Amino acid sequence: MHLEKPAATWPPGPEIPKPGVPPQPGVAPQPILPSWYEPMSISLERELADRLLAERTILVDGRLDDALASHVAAQLLLLDARSNEPIILHLSSTDSELDAALALTAAIDLISAPVHVVARGTVRGPAIAVLAAAAQREAHRHTVFVLSTPKVTADGTADQLASFAGEHARQLGRLRDLIADATGRSPDEVTNDLDPGRVLTADEAKDYGLITQLL
C-alpha cells in the first residue's frame with residue numbers, strides 16, 4: 001500500500017510553539033502585541049442630547065412608544081424644575097402609540113413651563129395629540145400631518161375585550177377633544193377627519209388651526 005506525502009511549501013512558515021513547550025533554539029518567538037479597550041465616557045448622541053437639554057430643547061423623533069414618552073416626560077419635569085422658561089419640543093413621528101401620546105400630553109399639562117412644539121417631517125396619528133397640547137404650535141413648511149386613529153387588536157375573554165373597547169373609545173375621545181380644543185373645530189368634524197385619515201400640508205394645517213405659525 002502506497003501513501004502520498006503531503007505537499008510541502010517553500011519557504012516554510014514559522015512554527016507555532018505548543019503550550020508548555022519551550023521555544024527551540026534558532027527559532028524566533030512570535031511577538032505578542034499589547035491590546036486594550038478604552039470605553040468612551042459619554043456617547044456623541046448623549047452629549048448632543050445633554051447640550052440640547054441645557055438649551056431647554058427636546059427631540060421627539062421616530063416611534064413614540066411608552067419608553068420614549070417616559071423619557072421625554074422625565075426631561076420635561078427636569079426642565080420645569082429648573083425654570084419656567086419655555087421648553088422647545090421638536091416633533092417628528094410617523095408611528096405612535098395612543099397610550100404613549102396621551103401620557104406625554106398629560107406631562108405637558110402637568111408642568112408649569114409652557115411647551116412650544118416645532119413639527120417637522122411627518123407627524124401621524126396619536127402624535128398629533130402632543131402637538132395639540134402645546135401652548136405654541138409651529139411647523140416647517142414641508143411638514144406633513146396625518147389625522148388618523150391607530151389600528152389596534154386585542155385578545156381575551158368577552159369581558160376583557162369589552163373593557164378594552166371601552167378604554168380605547170375613551171382614549172380616542174381624548175385625542176379628538178385635544179384636536180378640537182386646539183383647532184376650534186367641533187368634535188364631530190374632527191372625528192370625521194380622523195376616521196378616514198385626512199392628510200394635511202403645513203399650509204392646510206395652519207388653515208385647519210392645528211399649527212399657529214409656519215417657519
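Biologist: What makes the meeting of the side chains of R63 and D95 a polar contact?

Modeller: In this predicted model, the side chains of R63 and D95 come to 2.4 Å from each other, and because a polar contact asks for N or O atoms within 3.5 Å, one able to donate a hydrogen and the other to accept it, this pair qualifies as a polar contact.

Biologist: How do you know that a polar contact joins the side chains of R63 and E97?

Modeller: The side chains of R63 and E97 are joined at 2.6 Å, and this value also falls within the limit of 3.5 Å, so the name polar contact applies here too.

Biologist: Which residues is R63 in contact with, once its neighbours within four places in sequence are left aside?

Modeller: R63, which sits in the loop between β1 and α2, is then in contact with L68, D95 and E97, where contact means that heavy atoms come within 4.5 Å. For R63 and D95, which are 32 residues apart along the chain, the C-alpha atoms are separated by 4.9 Å.

Biologist: Why is R63 called partly exposed?

Modeller: The relative accessible area of R63 is 40%, and because buried means under 20% and exposed means over 50%, a value that lies in between makes R63 partly exposed.

Biologist: How many of the 215 residues of the chain, as a percentage, count as buried?

Modeller: Of the 215 residues, 35% count as buried, which means that each of these has a relative accessible area under 20%.

Biologist: What makes up the secondary structure of the chain, and in what order do the elements run?

Modeller: The chain has seven helices and seven strands, and from the N terminus on these elements run α-β-α-β-α-β-α-β-β-α-α-β-α-β.

Biologist: What lines the largest pocket, and which residues lie nearest its centre?

Modeller: The largest pocket holds about 410 Å³ of space, and its lining consists of 15 residues, with E45, A49, L59, H71 and Q75 lying nearest the centre. The elements that each give two or more residues to this lining are α1 (44–54), β1 (57–61) and α2 (66–82), and α1 supplies the largest share, seven residues.

Biologist: How do the residues of that lining divide into nonpolar, polar and charged?

Modeller: The lining of the largest pocket has eight nonpolar, three polar and four charged residues. Of the residues nearest its centre, E45 is one, and because Glu counts as charged, E45 belongs with the charged residues.

Terms used
Residues are numbered from 1 along each chain as its sequence is written. This is a predicted model: local features need pLDDT of at least 70, side-chain atom pairs count only at pLDDT 80 or more; totals for chains, interfaces and linings use all residues. Side-chain values use heavy atoms; hydrogens and water are left out. On a 1 Å grid over the protein atoms alone, a cavity is a set of points where a 1.4 Å probe fits but cannot get out, and a pocket is an open set with protein on both sides within 12 Å along at least five of seven lines; lining residues have an atom within 4 Å of a point. Grid points are joined across faces, edges and corners, and a volume is the space filled by probe spheres set on the points. Helices (H or I, at least four residues) and strands (E, at least two) are DSSP runs, numbered from the N terminus. Buried means under 20% relative accessible area, exposed over 50%, partly exposed in between (1.4 Å probe, protein chains only).
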